[in-house]
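Please find below a note prepared for a colleague who is reviewing the coordinates. It is arranged as numbered points for reference.

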Amino acid sequence: MFEFSPANQKRIPEILAKYPDTQSALLPLLTMAQRQEGYVAPQAMVEIGKILKLSPGYVQSVASFYTMYHMHPTGKYIILFCINISCQLNGADELLAYTASKLNIKVGETTADKKFTLHREECLAACSNAPMMRINDTYHEDLSKEKIDKILDSLD
Amino acid sequence: MPELKLLTKDIDKKDLHKLSVYEETGGYGSLKKLFKKKPDEVIEMVKASGLRGRGGAGFPAGLKWSFLAKDVFPRYLCCNADESEPGTCKDRLLLEKTPHLLIEGMIACAYACKIETGYIYFRGEFQHASDLMDEALKEARAKNYLGKNIMGSGFDFEIHTHLGAGAYICGEESALLNSLEGRRGEPRLKPPFPAVEGLYSKPTVINNVETLCVVPYIINEGPEKYASYGTEKSKGSKLVSVSGHVKKPGNYEIEMGTTVRELIYELAGGIRNDNKLKAYIPGGSSTPMLPADLVDTPYDYESLAAAGSMLGSGALIVIDDQVNIVESTLRLASFYKHESCGKCTPCREGTRWMWQLLDGIHNGEGTNQQVDKLVDICDNISFKSFCPLGDAAVGPVASSIKYFREDYEALLKRNAEGTA
Amino acid sequence: MANDEVTLTIDGKTVTAPKGTMVVDAAKRVGIEIPVFCYHEKLGPFGCCRMCLVEVEKMPKMATACTLAVAPDMVVKTNTEKVEKAQKGVLEFTLLNHPLDCPVCDKGGECPLQENTFKFGSDDTRMEFNRAHQDKATPLSPVITIDRERCIACQRCTRYSDIIEQEQALVMLNRGFNNEVGTFDNQDYDTKFSGNVIDICPVGALTNTDFRFKARNWELKTADTLCAHCACNCNMTFSSRLNKFMRIQTRTNDHVDDGWICDKARFGYSFVESKNRILEARSRFNDEERVLETKDAIALTAQTLKKIADEHGPESIGLIGSPYATNEEAYLYQLMFRQGLKTNNIDHKAYEDLPGLPINHYDFEQVESSNLVLLIGSDPSEELPILDLRIRKAVTRKGVKLAFLNDQVTALDRFAETALRYDVGSDGDAIVALAGGLAEELGIEKGKGKGKGKEKEKSKNSCGIADKDMKALVELVRTSMKICVIYNPAALSAGSMVKLRQLLQTIGKIPTVECGAIPAAPATNALGAVDMGLLPSYYPGGLALTDADEIKKRFGEDSPLQAGLSAMDMIAKAESGELKALLVHRSNPVADFPGGERVASALKKLEFLAVHDMLETETTRLASVVLPSIGPGYDEGTTTNIGARVQYRKRGLVSESLADWQIISKMAGELGIERNYQSSFSITAEIAEKVRGYEDISKKTIKNEGLSRQAIPEVLGDLDGSVSDESKSKKGALRLRVASYLFANDKILDANTSLAHHFRSSTVHLNDKDAKKMKLEEGDAVTVSSAHGKVSATVAVGDRCNSGSVVIEKVSDEQGVSALQESAGISWVEISKE
Ligand SMILES: Cc1cc2nc3c(=O)[nH]c(=O)nc-3n(C[C@H](O)[C@H](O)[C@H](O)COP(=O)(O)O)c2cc1C
Ligand code: SF4
Ligand code: FES
């Protein structure tokens with residue numbers, strides 16, 4: 001079973017009020033569900049479908065189009081490491097490999113302690129501060145090995 | 001110095017994102033002038049300024065506004081803050097540093113186009129920018145820059161933020177509309193164009209963040225002033241994200257027509273380790289790359305088009321001679337394969353096939369015929385896909401073969417058929 | 001030339017097409033084929049496959065002909081070098097990851113991809129990598145197989161699920177190259193209309209599980225025929241091989257089905273080869289059963305009926321005809337009983353119905369062009385699926401409003417502007433309230449009859465609908481421009497049919513409203529049965545017994561004119577011993593008529609019961625003589641759908657046995673009615689001559705698309721059927737509504753059907769309030785009992801009906817729900833926990 005937390009329940013009408021058509025709230029509600037649970041479970045899609053009067057299939061169809069929705073539980077910190085051109089030109093591949101070996105996982109995996117999930121990511125609009133990674137909502141730019149060490153060590 | 005700071009003059013001011021600081025710099029000053037004019041006059045001003053869309057296509061902003069279906073209401077304004085084109089990071093700068101400038105620009109556009117509701121569509125990763133914007137909107141509402149009867153003008157306008165969730169294609173305007181309506185971010189058939197049937201099937205203006213941020217300047221200083229900068233057809237200033245192998249990467253606001261050489265060597269401090277320039281991608285990953293000998297091309301719509309590329313979203317990616325171009329091309333091909341929405345056949349299948357071929361070539365398993373085949377595949381995708389993403393995917397591949405075939409040849413199989 | 005026509009040039013040819021036509025369709029008009037994959041006329045332009053690229057003068061880029069509407073003076077070129085290169089290129093992309101398994105693919109031979117490759121592609125592949133692999137054939141549902149490798153992502157199927165069936169059950173998942181067709185959480189795709197995706201898939205990705213590997217398409221023999229399940233009479237193609245049933249596919253007829261069929265039509269035809277088929281005639285007297293030659297059974301039946309009629313008078317025998325039979329069979333049977341046996345004891349149903357209509361008889365296309373569709377007692381989703389689909393189209397794509405006056409919630413309610421629910425059994429009051437409200441608004445005289453004023457007062461409060469809601473409905477009706485009323489006679493209580501007719505008359509009097517109705521009784525040829533005079537008080541063509549001159553003129557001087565008995569009355573008289581002999585044609589009163597076991601015991605009292613049917617039933621088991629009926633699949637003849645369209649049902653398989661019309665005409669011959677019919681069409685010709693409304697119907701006029709019959713003049717005459725004697729309510733008892741369920745496990749969908757996954761168990765739907773009062777919860781096992789019978793069921797709690805009422809769907813013959821029903825009036829039931 002999935003239910004929105006009372007605080008999130010309260011936000012639903014606020015979100016709906018932004019739009020003349022309730023379906024527009026689909027992405028915001030999926031995002032809210034993911035923030036609450038860490039991922040978007042089938043039950044959450046059913047629940048959102050009920051709220052917005054959409055078939056669960058439709059909800060999944062939309063959710064699966066967007067790469068930011070995780071359909072399975074992830075680590076506490078999701079590291080999105082940009083490897084697109086500007087970052088690549090500035091050594092992102094090597095830093096990504098460094099990060100993976102530091103975390104002792106392969107790209108795409110989650111650490112055994114469920115703390116970190118590491119993904120290769122496309123351009124995140126920080127090109128003039130390449131290389132960069134995004135950890136949850138925070139951008140970390142102008143990366144170097146030392147900087148990565150410091151950032152990862154500071155997270156608990 | 002070729003810098004021309006029309007939008008970014010105060011960008012480094014501390015706490016510019018706060019309303020009080022923004023007002024100190026003269027922020028929201030354009031509104032008094034705005035509300036003295038008739039909506040149509042505002043459109044005429046924007047037309048006269050020569051302002052062209054900064055999101056990629058360079059379509060004249062005032063003209064776009066004048067295309068709205070007559071007498072159909074409500075109408076919507078969507079600000080395109082999806083900024084997903086590799087190499088581009090100028091909108092994020094504006095959004096995070098000066099959100100009120102965008103709000104001010106959106107008010108002007110909405111007033112001119114008789115729009116009461118606006119949305120800012122942020123790419124999903126811009127949570128921080130969107131949070132800042134929500135704060136800014138709250139402040140603006142509190143001072144009646146937004147809401148009912150703005151500053152006693154009788155004009156009502158409200159702005160909402162909306163976050164995507166990870167899809168480059170949602171920067172394409174019709175895919176953006178689908179995404180905002182809670183659908184898969186697949187592009188829509190055109191016609192009807194958004195100006196006729198856009199958001200919720202109503203007439204809709206879609207403009208890039210930077211485009212809208214220019215509007216307060218035009219209202220404040222007059223269109224003539226804006227048009228006095230730049231070239232004949234590319235007016236004003238342009239915010240350019242410079243990245244790659246330069247010493248001082250960053251966002252530089254320049255006068256249109258400044259040369260690429262000036263951008264690289266004066267503003268961005270030259271190539272790292274003083275290496276030689278090999279190639280540059282002038283306007284974001286979708287625009288064809290150009291070789292070093294075209295470094296004196298002026299940075300404006302026409303000159304870059306004449307050189308065989310595009311100004312695009314204004315993202316200059318600089319590549320030095322230490323790189324085999326196939327490597328960069330492969331990376332971009334992988335990006336387009338990842339971002340193709342999958343709706344149309346040439347783009348869905350073609351981007352993957354190009355990537356497969358490039359990957360093989362990059363691994364030393366390619367043949368000369370495969371390089372020719374890549375050229376033909378590019379031709380089969382170009383202008384045949386549903387939306388311009390397919391054409392965008394072709395840009396780097398076709399141009400890299402055109403200018404750097406020797407990089408390909410260096411990687412081809414050295415066995416008999418390979419060299420045949 | 002009308003100014004909504006556009007003239008353009010395609011490959012040098014001048015084409016004229018209506019505004020809004022897509023270039024692909026315009027090209028077809030002059031024989032130019034532009035290849036397509038994603039485009040499908042019923043789904044509208046989409047433009048994703050890019051197969052249809054053409055050059056258009058003055059356009060810088062090539063355009064997709066499927067999304068480009070014709071424009072005046074447009075110049076299109078479909079055969080330039082540039083176009084050919086584009087077509088080759090797109091095909092190459094399309095085939096890039098498509099397996100080359102045509103030899104084993106069951107789309108082989110009828111595959112647009114194969115055909116387009118042949119015509120427009122190049123011979124060899126330039127793909128040097130391994131094609132992407134996916135699981136081969138996996139079940140998408142028990143009846144549909146998906147082979148994702150073959151999918152070309154044209155989105156026809158998913159758009160169908162979205163736009164046409166309005167379910168969004170089959171969807172595109174993921175993005176880009178990982179796009180795939182699927183369902184939520186890998187659940188079955190099992191909507192009522194799922195099978196249509198098989199027909200529209202342009203490759204072999206979606207296939208009919210039952211048909212897979214049975215035959216190659218070029219080995220098939222096909223018949224353009226009609227579905228014989230419900231009263232929509234959808235068009236379909238029936239394929240066989242070596243006289244074995246192979247598959248069913250859609251055959252578009254916009255007047256009727258709009259190009260679609262429901263899953264019952266497609267997958268519910270295994271009955272043609274059912275083990276329960278009656279293949280031989282037999283008799284059973286004094287518990288001794290004997291197989292008979294059909295001709296002997298015919299003679300025996302005719303002679304016995306004649307003998308009893310002679311002995312006890314013509315009122316001692318009767319016919320329960322079939323609403324499933326063809327017009328020809330129905331016509332012949334009533335002829336045999338009226339002219340050969342001189343009785344009007346003829347009926348085909350357990351409810352009241354009347355021929356003709358006081359307003360226009362609308363067809364399915366009028367549903368789309370109306371601006372209000374008012375459903376009364378009708379549940380198209382379970383009873384008339386393709387009408388349901390048409391209503392969905394009307395509401396979602398044509399801006400038509402939908403209103404309900406019903407005693408239960410239906411699947412269509414979510415599309416309705418307003419859905420008013422009356423208490424079970426209060427349909428008459430609700431109808432009178434609506435008619436009264438309209439009459440009042442209009443200041444016109446209400447339908448004739450006395451005491452109406454008082455009745456109106458009463459009904460407003462007694463039907464369970466709040467006055468203000470009824471007022472709103474009155475307003476909705478009054479302010480509409482064009483109304484289509486769809487009512488189900490089978491769901492109305494005794495006495496309501498006359499009230500309904502009066503309502504229709506009242507609506508007809510609103511000066512600003514154009515209106516028509518569709519009498520939506522669910523059985524295959526329910527309207528044909530009425531038209532053909534399978535009624536105790538009406539001759540064919542709606543001729544009332546009072547119209548003696550006309551009857552004599554058309555049917556002979558000695559036509560019987562005394563009123564006959566309705567089916568329910570015949571059963572009552574059988575019980576009392578007054579009715580001695582009965583012939584039942586393709587009908588199963590024991591399981592289907594109210595009363596259940598009571599019907600059986602009444603039939604057992606008959607001296608002679610002849611049953612002419614296709615499958616063994618509870619009724620055939622009681623018969624003295626059983627005559628084999630070949631039934632749909634093997635039979636031929638016309639049927640009249642509820643939209644009054646007369647169409648031809650062709651045979652798909654050949655039967656060795658006599659056709660029903662042959663059996664009936666031989667029986668009639670035994671009774672002195674000598675005709676020399678050469679084929680069923682000879683009877684059709686006689687119908688055209690004798691039956692009002694059918695004058696234009698002939699073999700010629702109805703082929704392919706059928707033809708609407710003419711209006712049958714309405715006579716607001718006597719009602720068929722006994723007058724309701726309201727059975728007394730008991731304290732704590734609830735009113736029972738037996739609802740339809742499309743995939744009921746009955747004689748037609750037996751245990752061998754591939755649709756068995758749709759079978760449901762017996763459920764009683766209670767209103768929340770009643771459930772609370774009775775301390776019952778969702779899932780509780782209960783016994784539902786009436787004065788006459790008991791049914792076990794599981795409780796479902798919700799708002800399917802008003803409090804004080806319960807709904808039980810008829811989910812199988814075993815369930816025995818008709819035993820709970822009264823023959824007239826309200827059926828009261830009590831519920832106790834098991
Ligand atoms: C694949 C694709 C991606 C795009 N991405 C963006 C984007 O991230 N931001 C943007 O402003 N415009 C983007 N565009 C351009 C928009 O479609 C549209 O032209 C623009 O938002 C219009 O605003 P403008 O006239 O102010 O430039 C993209 C176009 C395509 C085809
Ligand atoms: S399964 Fe068939 S109809 Fe559906 S998208 Fe694939 S090819 Fe098209
Ligand atoms: S048929 Fe025209 S794009 Fe598919």
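1. The structure under review is a predicted model.

2. Chain A as a unit. Chain A comprises 7 helices and 4 strands. Read from the N terminus, its elements follow the order α-α-α-α-β-α-α-β-β-β-α. Along the principal axes, the C-alpha atoms of chain A occupy a box of roughly 50 × 35 × 25 Å.

3. Chain A with chain B. This contact draws on 38 residues from chain A and 56 residues from chain B. About 3700 Å² is buried between chain A and chain B, and 53% of that area lies on carbon and sulfur atoms.

4. Salt bridges between chain A and chain B. How many salt bridges are counted between chain A and chain B? The count is 2. A salt bridge joins B:Arg331 to A:Asp93, with the closest N and O atoms 2.7 Å apart.

5. Chain A with chain C. Here 14 residues of chain A are in contact with 10 residues of chain C. The buried area between chain C and chain A is about 1000 Å², with 58% of it contributed by carbon and sulfur atoms. Which three residues supply more than any other three of the area that chain C buries against chain A? They are C:Gln168, C:Arg175 and C:Phe184, which together supply 59% of that area. Across the interface of chain C and chain A, 0 salt bridges are found.

6. Geometry of a helix pair in chain C. Helix 7 of chain C spans residues 294–312, and helix 21 of chain C spans residues 660–670. The axes of helix 7 and helix 21 of chain C come within 9 Å and cross at roughly 50°. Helix 7 of chain C is therefore oblique to helix 21 of chain C. The crossing of these two helices of chain C is right-handed.

7. Residues at the helix contact. On the side of helix 7 of chain C, the residues involved are C:Thr294, C:Ile298, C:Ala299, C:Thr301, C:Ala302 and C:Gln303. They meet C:Ile663, C:Lys666, C:Met667 and C:Glu670 in helix 21 of chain C. Sorted by class, the contact of helix 7 with helix 21 of chain C has 5 nonpolar, 3 polar and 2 charged residues.

Conventions. Residues are numbered from 1 along each chain as its sequence is written. Chains are lettered from A and ligands numbered from 1 in the order in which they are written. This is a predicted model: local features need pLDDT of at least 70, side-chain atom pairs count only at pLDDT 80 or more; totals for chains, interfaces and linings use all residues. Side-chain values use heavy atoms; hydrogens and water are left out. Axes are lines fitted to C-alpha atoms, for helices over the stretch in contact, and angles run from 0 to 180 degrees between N-to-C directions. Angles under 35 degrees count as roughly parallel, over 145 as roughly antiparallel, 65 to 115 as roughly perpendicular and the rest as oblique. A crossing is left-handed if the near helix is turned anticlockwise from the far one by less than a right angle, and right-handed if clockwise. Contact means heavy atoms within 4.5 Å. Ala, Val, Leu, Ile, Met, Phe, Trp, Tyr, Cys and Pro count as nonpolar, Asp, Glu, Lys and Arg as charged, and the others, Gly among them, as polar. Buried area is the accessible area (1.4 Å probe) that two parts lose on being put together, summed over both. A salt bridge is a side-chain nitrogen of Lys or Arg within 4 Å of a carboxyl oxygen of Asp or Glu.
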